[in-house]
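Here is a note for a colleague who is meeting this protein for the first time. Please have the sequence and the model open while reading.

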Amino acid sequence: LGGGGRPIQLKFRINGKSTDIETLSIPFQSQFQPAMARFAQKRNVTVAQCKFIFDGENLRPMDTPEGLDLDGGEIVDVMMPTVGNKASDKASAKKSSGGGVVSRGDAASNGARSTTARAASSRAGASAPPAARAATNSAGASAPPAKISIKTNRNRNNNPRQKTWKLLDTDPLTKLQTDYIKLYKSKGCKKVRFYFANALVQDVTKTFRELGMGEGDMMYAMENGKPFTPV
């Protein structure tokens, strides 16, 4: 593959089967396109027949491991035809229509972290300002927990995609804080402060619902005392 920085190993899981995994080496700064082509060639299919999914979203040929903040060991799901089994193909296609599953490597937890596909439904009023949503959420505090996807931007980076976390809106921010440090510990993260709507979240014991956060919202995660510049 030449150039592209240090290589990392990524696992391509076929149709969600843990027993059917292809491991490929990809240069850290290189695009995924060559790896996708090699994968397709090994499987005797075309790239067009394969759907590569990472973090619940389609993986693009021009994406890079560096841009996705990968360490190596992550699992990318690939939905593709199963040769000679049309019924299985249809079932796989139907299953993949709602998204995919991705696992992130994590040395602190035996090299695996798993996230599910992005939730299809968003909470009512998600487009409202955070303060308004917080008031609405306070009024509906007795509502049952709802699954939400929260994104974190690490140290104010410009990557096209950001890390997505699957949580409940009744989870406290301390849960995300703990999981975040655990994931990025190998990259030097010792502590982190979160900013939402250009303001520091002072009380990390509050739930996402209490903070007025909903499906698809993003927080800026500033590590080890790094300053935050408002967006």
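The points below go from the whole chain to its strands and one of its helices.

1. This is a predicted model, and in it the protein has four helices and 12 strands. Of the 231 residues, 42% are buried, while the protein exposes about 11,800 Å², of which carbon and sulfur atoms supply 53%. Among contacts between residues at least 6 apart in sequence, 65% join residues that are at least 24 apart.

2. One part to look at is an open sheet of five strands, in which the order is S9-S8-S12-S10-S11 and the pairing is mixed. Strand S9 (163-168) and strand S11 (199-200) stand at the edges, and because each has a single partner strand, one side of each is left without a neighbour in the sheet.

3. Within that sheet, strand S8 (residues 147-154) runs antiparallel to S9 and is joined to it by six bridges; in S9, lysine 166 is the bridge partner of serine 149. Helix H4 (residues 173-184) packs on the sheet, where the helix touches S8, S9, strand S10 (192-196) and strand S12 (218-223), and the direction of H4 makes about 145° with that of S9.

Note on methods:
Residues are numbered from 1 along each chain as its sequence is written. This is a predicted model: local features need pLDDT of at least 70, side-chain atom pairs count only at pLDDT 80 or more; totals for chains, interfaces and linings use all residues. Side-chain values use heavy atoms; hydrogens and water are left out. Helices (H or I, at least four residues) and strands (E, at least two) are DSSP runs, numbered from the N terminus. Buried means under 20% relative accessible area, exposed over 50%, partly exposed in between (1.4 Å probe, protein chains only). Contact means heavy atoms within 4.5 Å. Accessible areas come from the Shrake-Rupley method with a 1.4 Å probe; for residues, only the protein chains shown count as cover. Two strands pair if DSSP finds at least two bridges between them. Axes are lines fitted to C-alpha atoms, for helices over the stretch in contact, and angles run from 0 to 180 degrees between N-to-C directions.
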